[in-house]
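Trainee: I am new to this structure and would like a close look at one part of it. Could you walk me through how the helices pack, and then show me what surrounds them?

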Amino acid sequence: MANNLGLTINRSSPVPLYHQVVQGIEAAIYSGVLEPGSRLDNEIDLAAQLNLSRPTMRKAMDELVRSGLLVRKRGVGTQVVSSQVRRPLELSSLYDDLTNNGKKPTTEVLSFSHLEADDATITTLQLPAGSKVYHFTRLRKVGGKPLALMENWVRDDIAEMDEAMLKAEGLYSILRRGGVNFRLATQRIGAMTANEYQASMLDAPAGSALVTMERTAVDDTGRRVETGHHVYRADSYSFEMTLVQR
């Protein structure tokens, strides 16, 4: 319960009181102290515990509901929805990011083939005509919950790979073992609504929001190594970035 979270309010801080509550509950969710499904005390009790006014507490809870971290259910109260996977915007793999954050991702290989590259892939990866690539789709889960549906095309002159390898580890670790030193990538992030196939694979309602990512990675020799189209559940995934004025 939220009264066991050790939330403290600093009345001399320039941070508004309601936002201090938001920050404290966010921290409890992201640290795992408040797990998905946890129920919070009602707003009146929370306000009394923290010596805050009810409007201040309601404003904090409203912001957490709008951000997708809490949900209000009639007859149940206010519950934690989930802690989003927040991924730094840098040249790394989803598998590595999840593992480095203490998660235990699992991968289901939905399709795998070694075939002649089509014209679009030849152009994207700057390959000679007639080159072959590995083409595969994977479903990435965290805690048994589907997170991402990923489709990739990888040039085949770097490292051999098969379904078992892709199930056991991340794509970038396989390529690094083959001698790839990733240097840069072009990446486009967007949004879409889930079609019936995506919704069924990601265990989400059809028409629900998805985060999309298209990426082509380049190694330190200038080779375009792989390209991919990924979609992620928007209620469980976001990118983080730092902006610098120049």
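Mentor: Happy to! Let us start with a term we will need: an angle between axes under 35 degrees counts as roughly parallel, over 145 as roughly antiparallel, 65 to 115 as roughly perpendicular, and the rest as oblique. Please also keep in mind that this is a predicted model.

Now to the helices. Helix 1 covers residues 17–31 and helix 3 covers residues 54–66; their axes come within 8 Å and cross at roughly 45°. Helix 1 and helix 3 are therefore oblique to each other. The crossing of helix 1 past helix 3 is right-handed. On the helix 1 side, the residues that take part are Leu17, Tyr18, His19, Val21, Val22, Ile25 and Glu26, and they meet Thr56, Met57, Lys59, Ala60, Met61, Glu63 and Leu64 of helix 3. Sorted by class, this contact has nine nonpolar residues, two polar ones and three charged ones.

Helix 3 has another partner to look at. Helix 2, residues 43–50, has an axis that comes within 9 Å of the helix 3 axis, and the two cross at roughly 115°. Helix 2 and helix 3 are therefore roughly perpendicular to each other. Their crossing is right-handed. From helix 2, Glu43, Ile44, Leu46, Ala47 and Leu50 meet Arg54, Met57, Arg58 and Met61 of helix 3. By class, the contact of helix 2 with helix 3 has six nonpolar residues, three charged ones and no polar ones. If you follow Met57 in the view, you will find Met57 meeting helix 1 and also helix 2; Met61 is likewise in the contact with helix 1 and in the contact with helix 2.

An open sheet of three strands runs in the order 1-3-2 with antiparallel pairing. Its edge strands are strand 1 (39–40) and strand 2, each pairing on one side only. Strand 2, residues 70–73, pairs with strand 3, residues 77–80, over four bridges. Lys73 has Gly77 of strand 3 as its bridge partner. Three residues lie between the strands of this hairpin, and Gly75 takes a positive phi near 85° there.

There is also an open sheet of six strands, ordered 5-6-7-10-9-8 and paired antiparallel. Strand 5 (105–116) and strand 8 (182–193) stand at its edges with a single partner strand each, so one side of each has no neighbour in the sheet. From one strand to the next, the twist averages 15°. Within this sheet, strand 9 (residues 209–219) and strand 10 (residues 224–233) are joined by nine bridges, and Ala217 stands opposite Glu226 in strand 10.

Finally, a word on confidence. The protein chain has a mean pLDDT of 84, with 85% of its residues at 70 or more. Among the elements, helix 5 (residues 119–125) has the highest mean pLDDT, 95, while strand 4 (residues 85–88) has the lowest, 48. Where pLDDT is low, the predicted coordinates should not be read in detail.

Definitions and conventions: Residues numbered from 1 in each chain as written. Predicted model: local features only at pLDDT ≥ 70, side-chain atom pairs only at ≥ 80, totals over all residues. Heavy atoms only, no water. Pairing = 2+ DSSP bridges. Axes fitted to C-alpha atoms, helices over the stretch in contact; angles between N-to-C directions. Left-handed = near helix turned anticlockwise from the far one by under 90°. Contact = heavy atoms within 4.5 Å. Nonpolar A, V, L, I, M, F, W, Y, C, P; charged D, E, K, R; others polar. pLDDT = per-residue confidence, 0-100.
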